[in-house]
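Subject: Structure handover

Hi,

Here is the structure I promised to pass on. Please open it alongside this email.

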Amino acid sequence: MILWGASINVFCSTSPVDMRKSFDSLAGLTRDFMGHNPLSGNLFVFFNKKRDKVKVLYWSKTGYCLFYKRLERGRFHIPVPGQDDKTTVELDQVELDMILDGIETDKIERGKVVFA
């Protein structure tokens, strides 16, 4: 269910966020905590402490869009941050889609692409 263009990056916060936060508060976290421009047109993903809720912030030329999902059972599986950055994990759109569908992306092995 990819809804975004190919040039959009996805940045996932590795720290839990209070789900009462809305557009401006999440934009502030994007700028101050994650170190990214919330007006860039990229997707910024935030999970709550129990990881059963997620919000995705997106700037759409004329205003912010906010996608919110709550799981009735289970938890979202958040990727582990790398050594360089402890606050944010960059995902591709396929990984985000799998996470939103409840798939554990760390257990998936990608095949090698061979060009003939």
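Below are my notes on the fold, the cores, the aromatic rings and the cysteines.

Ground rules come before the findings. This is a predicted model: local features need pLDDT of at least 70, side-chain atom pairs count only at pLDDT 80 or more, and totals for chains, interfaces and linings use all residues. Residues are numbered from 1 along each chain as its sequence is written, and side-chain values use heavy atoms, with hydrogens and water left out.

Overall fold
The protein has two helices and five strands. Both kinds of element are DSSP runs, numbered from the N terminus: helices are H or I with at least four residues, strands are E with at least two. Along the sequence the order is β-α-β-β-β-β-α. Of the 116 residues, 35% are buried. Buried means under 20% relative accessible area, exposed means over 50%, and partly exposed is in between (1.4 Å probe, protein chains only). The accessible surface is about 7,700 Å², by the Shrake-Rupley method with a 1.4 Å probe; for residues, only the protein chains shown count as cover. Carbon and sulfur atoms hold 51% of that surface. A contact means heavy atoms within 4.5 Å. Among contacts with a separation of 6 or more, 55% join residues 24 or more positions apart.

Cores
A nonpolar core is a set of buried Ala, Val, Leu, Ile, Met, Phe, Trp, Tyr and Cys residues joined through side-chain atoms within 4.5 Å. The largest one has 16 residues. Leu43, Val45, Phe47, Val54, Phe76, Leu91 and Leu96 have the most contacts inside it. Strand S1 (10–13), S2, S3, strand S5 (88–91) and helix H2 (93–100) each give two or more residues to this core. Apart from it lies another core, of nine residues, including Met19, Ala27, Met34 and Phe46.

Val45 is worth a click. Leaving out residues up to four places away in sequence, Val45 touches Val10, Phe11, Cys12, Ser13, Val54, Lys55, Val56 and Leu96.

Helix H1
Helix H1 covers residues 23–32, and its buried residues are Leu26, Ala27, Gly28 and Thr30. These pack against strand S2 (43–47), strand S3 (53–59) and strand S4 (64–70). Thr30 has a relative accessible area of 0%. Beyond its neighbours within four places in sequence, Thr30 contacts Gly35, His36, Asn37, Pro38, Phe44, Phe46 and Leu57.

Aromatic rings
There are three aromatic pairs. Rings of Phe, Tyr and Trp (its six-membered ring) pair if their centres lie within 6.5 Å; planes under 30 degrees apart count as stacked, over 60 as edge-to-face and the rest as tilted. Phe47 and Phe76 have ring centres 5.5 Å apart and planes at 55°, so this pair is tilted. Phe47 sits in strand S2, and Phe76 in the loop between S4 and S5, 29 residues apart. Both are buried, Phe47 at 2% and Phe76 at 0%.

Trp59 and Tyr64 form an edge-to-face pair, with centres 4.9 Å apart and planes at 75°. Trp59 is partly exposed at 23%, and Tyr64 is partly exposed at 23%.

Lys55 lies over the face of Tyr68, at 5.1 Å from the ring centre. The rule here is NZ of Lys or CZ of Arg within 6 Å of the ring centre and within 35 degrees of the ring normal.

Cysteines
A disulfide is a pair of cysteine sulfur atoms within 2.5 Å. The count is zero. Cys12 is buried at 0%, while Cys65 is partly exposed at 34%.

Best wishes
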